[in-house]
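My entries follow in the order I made them.

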Amino acid sequence: MKRYILSISVVLIVLFAFAAAQGQESAPQQSQRSRRQTGAPPVTPPQPDKSLVFKKTPQGELKVHFFFPRDCKPADRRPGIIFWFGGGFVGGSPSQFYAKSEYFVGRGLVCAAAEYRVKNTHGTSLDKCVEDARSAIRWVKQHAREYGIDPEKVIASGGSAGGTLSLLVALATGPDAEDDPRDISPRPCAMVLFNPAQGEAVRSRIDPALCDKPRLLEQIAGLDRPQPGQPPAIVFFGTADRLLTPSQEFCRKAIDMGNRCELWTAEAQSHGFFNRSPWHEATLFQADRFLASLGYLQGEPTIKVDKDAILKHQLPAGP
């Protein structure tokens, strides 16, 4: 009798394990397309539709990871958005912006998350980060018509160090790869910036043992000086983030010059707050409205926001 009960128990355990495994296999298969249809934020980062090498460097190949709307065709001329990850220019991964790509692809944008060289992986300094970012946006523009993108409507975005790179690709001059096509401007049409690093937070990351620091400082000086005709920008910060002050001053100067620069803050939130709910959804909602006001999106945001996730419109002063 005991042997019979033991045998039945073993069979039941095996059946339950098999059923659990089946459930784990089926969930991912239905998740990506259903999220794209509803525009709901993903629980886990989705996988890119296509990953392509945009640059070969002495330290290895760099890729751009694409997400396409379901009905996207090469003949389309859609706005595109390219994201750069954060990590203090020493680490990080493009997957940081896969979830935000998944939302915007549901709104009709072609999205791309780009790699760039970082110190921990490639043994390089800030100059190569900037060079790679400028190479990436040039490559996307150069190949835009192959992937349904309007080369005149490429938006730059990123968080922390990635937000810094978004500002630096907008400069007329900067650290550029020797073989970059100089007839293609890296300047984006708009910028969506998640707590970008500016001022001393960037300068302190330059390793003089790995690059020509005086020359690089000269090349990136515009990072802290708004330029006439700067692309429209929306900036997100937590008020507990020590990097807020230099960006606040940058936005004020940009507005005084006649540029459009919106600053939105989350009370008592620290650096990187935008990566987690409910601020992931709240920042996407405002970024969506910003891009719609520029004509790059149509209709209202499709993402739901927690009523307690309140972003305050700091600059220009708003409600």
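I began at the chain's end: P316 sits in the segment after β9. I took helices (H or I, at least four residues) and strands (E, at least two) as DSSP runs, numbered from the N terminus. I am working on a predicted model, where local features need pLDDT of at least 70, side-chain atom pairs count only at pLDDT 80 or more, and totals for chains, interfaces and linings use all residues. Residue numbers start from 1 along each chain as its sequence is written, and side-chain values use heavy atoms, with hydrogens and water left out.

I checked the peptide bond from L315 to P316, and it is cis, with omega near -20°. I found another cis bond between S277 and P278, with omega about 5°. P278 belongs to the loop between β8 and α9 (279-293). I located F89 in the loop between β3 and α2.

**The sheet**

In what order do the nine strands of the open sheet run? I read β1-β2-β4-β3-β5-β6-β7-β8-β9, with mixed pairing. I counted two strands as paired if DSSP finds at least two bridges between them. β1 (50-57) and β9 (311-315) are the edge strands; each has a single partner, so one side of each lacks a neighbour in the sheet. On average, neighbouring strands are turned by 25° against each other, direction ignored. For directions I used axes as lines fitted to C-alpha atoms, for helices over the stretch in contact, with angles from 0 to 180 degrees between N-to-C directions.

I looked at two strand pairs. β1 and β2 form a hairpin with two residues between them. Their pairing is antiparallel, over seven bridges. K56 has E61 in β2 as its bridge partner. Strands β7 (residues 233-238) and β8 (residues 261-266) run parallel and are joined by six bridges. There, I234 is bridged to E262 in β8.

Next I asked which helices pack on the sheet. α2 (residues 98-106) touches β2 (60-67), β3 (78-84), β4 (110-114) and β6 (190-194). The direction of α2 makes about 35° with that of β2. α5 touches β3, β5 (149-159) and β6, and its direction makes about 140° with that of β5. Contact here means heavy atoms within 4.5 Å.

**Helix on helix**

I turned to α4 (residues 126-142) against α5 (residues 161-169): they pack at about 65°, with axes 9 Å apart. In this contact, C129, V130, A133, R134 and I137 of α4 meet L165, L168 and V169 of α5. I sorted the contact residues into seven nonpolar, no polar and one charged. My classes were Ala, Val, Leu, Ile, Met, Phe, Trp, Tyr, Cys and Pro as nonpolar, Asp, Glu, Lys and Arg as charged, and the others, Gly among them, as polar.

**Pockets**

I searched on a 1 Å grid over the protein atoms alone, with a 1.4 Å probe; a pocket is an open set of points with protein on both sides within 12 Å along at least five of seven lines, and lining residues have an atom within 4 Å of a point. Points are joined across faces, edges and corners, and a volume is the space filled by probe spheres set on them.

The largest pocket holds about 510 Å³. Of its 26 lining residues, K55, E131, D176, A177 and E178 are closest to the centre. I noted that α4 gives the most to this lining, with seven residues. By class the lining has eight nonpolar, five polar and 13 charged residues.

I put the second largest pocket at about 260 Å³. It has 19 lining residues, with A170, L171, A172, G222 and Q227 nearest its centre. Its lining has ten nonpolar, six polar and three charged residues.
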